[in-house]
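Notebook open, viewer open. I'm jotting things down as I look them up.

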Protein chains: 2
Amino acid sequence: MSSTKRVTIRDVAREARVSPGTVSRAINDSPLVSEDTRRRVLEVVEQLDYTPNVVARRLSLGKTLAVAVIVPFFTRPSVSERLNGVVSLLSHSQYDLVIHNVETPKQRAKCFQEIPHSEHADGVLSISLTPTDAEAERLAEADVPVVLIDAEHPALRGVHHQVTVDDVTGGELTTGYLIGLGHTKIGFVGDPIDNPFNFTSSRDRYWGYQKALREADIPIRPEYYEENQHGRRQARQSARKMLALSDRPTAIFAASDTQAVGVLEAAREAGLRVPDDLSVVGYDDIEIADVLGLTTRRQLLFESGRRGVELLLEMLRNPDTDPVYEVLPTELIVRDTTASVGD
Amino acid sequence: MSSTKRVTIRDVAREARVSPGTVSRAINDSPLVSEDTRRRVLEVVEQLDYTPNVVARRLSLGKTLAVAVIVPFFTRPSVSERLNGVVSLLSHSQYDLVIHNVETPKQRAKCFQEIPHSEHADGVLSISLTPTDAEAERLAEADVPVVLIDAEHPALRGVHHQVTVDDVTGGELTTGYLIGLGHTKIGFVGDPIDNPFNFTSSRDRYWGYQKALREADIPIRPEYYEENQHGRRQARQSARKMLALSDRPTAIFAASDTQAVGVLEAAREAGLRVPDDLSVVGYDDIEIADVLGLTTRRQLLFESGRRGVELLLEMLRNPDTDPVYEVLPTELIVRDTTASVGD
DNA sequence: TGGTAAGATTAAACCGGTTTAAATCAAGCC
DNA sequence: GGCTTGATTTAAACCGGTTTAATCTTACCA
């Protein structure tokens with residue numbers, strides 16, 4: 001309702017009897033103003049309650065003072081936790097955080113196409129989206145720094161920061177743990193390997209799974225592999241099918257905790273005791289894993305987001321920084337859903 | 001790497017042999033251009049691959065083309081789900097979504113102070129943050145539309161949109177359900193009533209709880225009330241204490257599902273069977289409630305966010321819209337954690 | 001044929017900052 | 001006193017759009 005027009009830099013200038021340029025310099029700690037006038041200007045700023053118009057600054061500086069985050073399905077707990085890491089650090093910086101949610105391949109294409117340019121953002125964080133070759137090529141030409149979190153592409157090594165996890169090794173080690181417990185009939189429940197979003201984590205973990213089996217000379221049985229859209233209910237379906245086999249597995253490795261929960265539900269339905277009749281391992285270590293006592297491979301979700309921002313801010317501060325390729329560690333958290341076979 | 005400078009509206013104008021103003025009008029569907037020149041201009045636009053600079057538009061239009069969302073602890077599943085509703089609708093609009101996370105009272109004050117002004121955003125969504133009287137006064141003077149989601153303030157009726165839930169009635173009905181099952185020794189586990197964020201949902205649900213007990217002539221016993229910082233572990237502590245009472249409750253109403261999970265854990269620890277020895281009810285109906293078979297009061301989390309955006313967009317389209325005060329319904333979802341007393 | 005109105009287009013102002021180039025001023029030196 | 005130098009400061013250009021005021025056409029009517 002206050003019809004008083006915005007105070008502009010020219011108002012301050014007039015009041016302080018200097019030019020707008022001087023006011024600008026006084027505010028931005030330029031050495032090109034005398035202490036005397038700076039004090040006078042700041043007094044007037046205070047008095048008129050002047051705050052610079054951000055949009056005008058953006059245009060003038062040629063910067064957006066914003067960081068864009070491209071993120072798919074951020075209600076997934078794992079994604080949300082990464083995003084939380086991003087926000088926790090970025091909210092203390094001068095940058096605005098603009099969210100671009102990706103829920104369809106079309107949105108995804110649009111995001112990768114439009115966002116990584118200086119008109120839109122000074123920097124971009126992309127979470128859990130593995131670029132296709134074509135997209136990587138585009139990203140390599142981006143005129144702003146990009147950080148891939150939980151994703152990578154060989155063509156971007158040395159071009160953009162990448163904070164990632166070795167899902168193949170993660171899957172291998174996790175499967176190895178089950179093998180170590182004496183399991184040989186191990187099922188895998190995951191996302192579709194071919195999916196329009198090019199999600200790769202489930203696929204990579206499955207590769208690791210295969211690798212571990214091969215090294216232990218355990219045959220890979222196709223009936224022990226089920227894929228389905230990501231989600232608890234879908235995973236339950238997959239597990240139901242697998243547990244109905246005449247020669248059912250004694251352990252199931254789920255590509256995520258959410259899916260592991262579905263497996264646990266299917267086991268309960270089938271009247272199987274966990275871990276006595278069936279061992280179950282998940283991936284991520286989100287809160288529900290702790291609640292249910294689920295054995296899982298923990299990855300540093302929050303930290304991955306935080307680290308991504310750290311790298312981006314450093315890059316914005318000093319554009320000559322060398323892009324790094326960081327692999328975050330994982331850790332097996334043993335709880336109550338796994339046991340030696342035959343125990 | 002492409003050192004080709006950005007294409008500006010003047011480049012297009014030169015190429016199309018018209019003035020920049022005409023290009024602007026041609027692009028923005030102004031009736032003040034002939035079909036002939038419009039076609040010619042759009043051809044050049046195509047040919048030069050011109051896209052208007054958003055920042056320049058913002059400055060010129062005096063709009064930010066952005067919507068700010070103020071949100072506390074968005075990794076809480078309930079908050080995240082509301083945010084998801086916001087994003088789902090807003091990502092199809094022309095507006096950018098700028099997130100302001102609130103994790104400290106200081107951030108909160110800063111947000112309420114700075115964000116609701118036209119330099120920062122064209123509109124503001126505030127999620128689950130009940131304004132204090134002073135803050136409400138400020139918000140009433142905001143020069144952009146604001147929508148309160150899961151929060152309200154009497155001073156803002158008719159001033160800003162409010163999409164809210166009647167937590168008092170929700171708490172009353174939920175407690176009434178337990179009373180209907182024959183329970184008279186009913187505990188309440190919630191957040192601190194006095195908290196620096198002015199979170200009110202737990203408090204209101206507790207009021208409803210008291211109301212229901214009074215109406216049923218059941219005395220309110222202070223030892224049946226425990227408050228603690230929001231969280232599963234903290235709720236477990238609270239419940240642990242309450243269940244250690246010599247005359248322990250036969251039912252516990254938790255202010256949220258997350259806290260209900262903590263109560264379930266405490267019950268398990270204490271060797272109590274649910275629901276035989278103890279009934280447990282939560283609030284929200286987040287995914288974990290379904291997993292654990294938790295009886296709970298469902299509220300429309302996703303829809304609240306979606307509706308908030310709907311109202312905001314409508315207000316941005318037509319500033320004369322009358323601000324509404326909407327109360328979303330809740331619904332009791334009976335699962336496996338509640339039973340008649342003595343069953 | 002002159003006058004006028006409607007329609008299309010342009011030139012210029014504007015949004016509110018930052019920054020470059022030019023101007024001013026005081027001090028220092030021979 | 002004149003000239004140089006360095007420190008401040010100002011005026012003006014610039015960022016890249018939109019919009020108002022002014023100009024130019026063309027059509028139409030008396």
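Which residues in helix 1 of chain B meet which residues in helix 3 of chain B? I found D11(B), V12(B), E15(B) and A16(B) on the helix 1 side, and R40(B), V41(B), V44(B), V45(B) and L48(B) on the helix 3 side. Contact here is two residues whose C-beta atoms, placed from the backbone, lie within 7 Å.

Ground rules before I go on. This is a predicted model, where local features need pLDDT of at least 70 and side-chain atom pairs count only at pLDDT 80 or more, while totals for chains, interfaces and linings use all residues. Residues are numbered from 1 along each chain as its sequence is written, with chains lettered from A and ligands numbered from 1 in the order in which they are written.

**Helix pairs, chain B**

I counted classes for the helix 1 and helix 3 contact: six nonpolar, no polar and three charged residues. (Ala, Val, Leu, Ile, Met, Phe, Trp, Tyr, Cys and Pro count as nonpolar, Asp, Glu, Lys and Arg as charged, and the others, Gly among them, as polar.) Helix 1 (residues 9–16) of chain B packs on helix 3 (residues 35–48) of chain B at about 120°, axes 9 Å apart. Helices (H or I, at least four residues) and strands (E, at least two) are DSSP runs, numbered from the N terminus. Axes are lines fitted to C-alpha atoms, for helices over the stretch in contact, and angles run from 0 to 180 degrees between N-to-C directions.

Next I looked at helix 10 (residues 232–243) and helix 11 (residues 257–269) of chain B, which pack at about 45° with axes 7 Å apart. So that pair is oblique; angles under 35 degrees count as roughly parallel, over 145 as roughly antiparallel, 65 to 115 as roughly perpendicular and the rest as oblique. I noted the contact residues, among them R232(B) and L243(B) in helix 10 of chain B and T258(B) and E269(B) in helix 11 of chain B. That contact divides into seven nonpolar, four polar and six charged residues.

**Sheet, chain A**

I traced six strands in an open, mixed sheet, order 7-6-8-9-10-12 in chain A. Strands pair if DSSP finds at least two bridges between them. Strand 7 (225–227) and strand 12 (330–333) of chain A are the edges, each pairing on one side only. Neighbouring strands are turned by 15° against each other on average, direction ignored. Strand 6 (residues 186–190) and strand 7 of chain A run parallel over three bridges, with G190(A) opposite E227(A). Helix 11 (residues 257–269) of chain A lies across strands 6, 8, 9 and 10 of chain A, at about 160° to strand 9.

**Sheet, chain B**

In chain B I checked strand 6 (residues 186–190) against strand 8 (residues 251–254): parallel, four bridges. I186(B) has A251(B) as its bridge partner. Helix 9 (residues 201–215) of chain B packs on the sheet, touching strands 6, 8 and 9 of chain B, and makes about 170° with strand 6.

**How the chains meet**

For the interface, I found 28 residues of chain A in contact with 28 of chain B. Elements giving two or more residues on the chain A side are helix 4 (54–61), helix 5 (77–90), strand 2 (96–102) and helix 12 (287–292) of chain A. That side has 13 nonpolar, ten polar and five charged residues.
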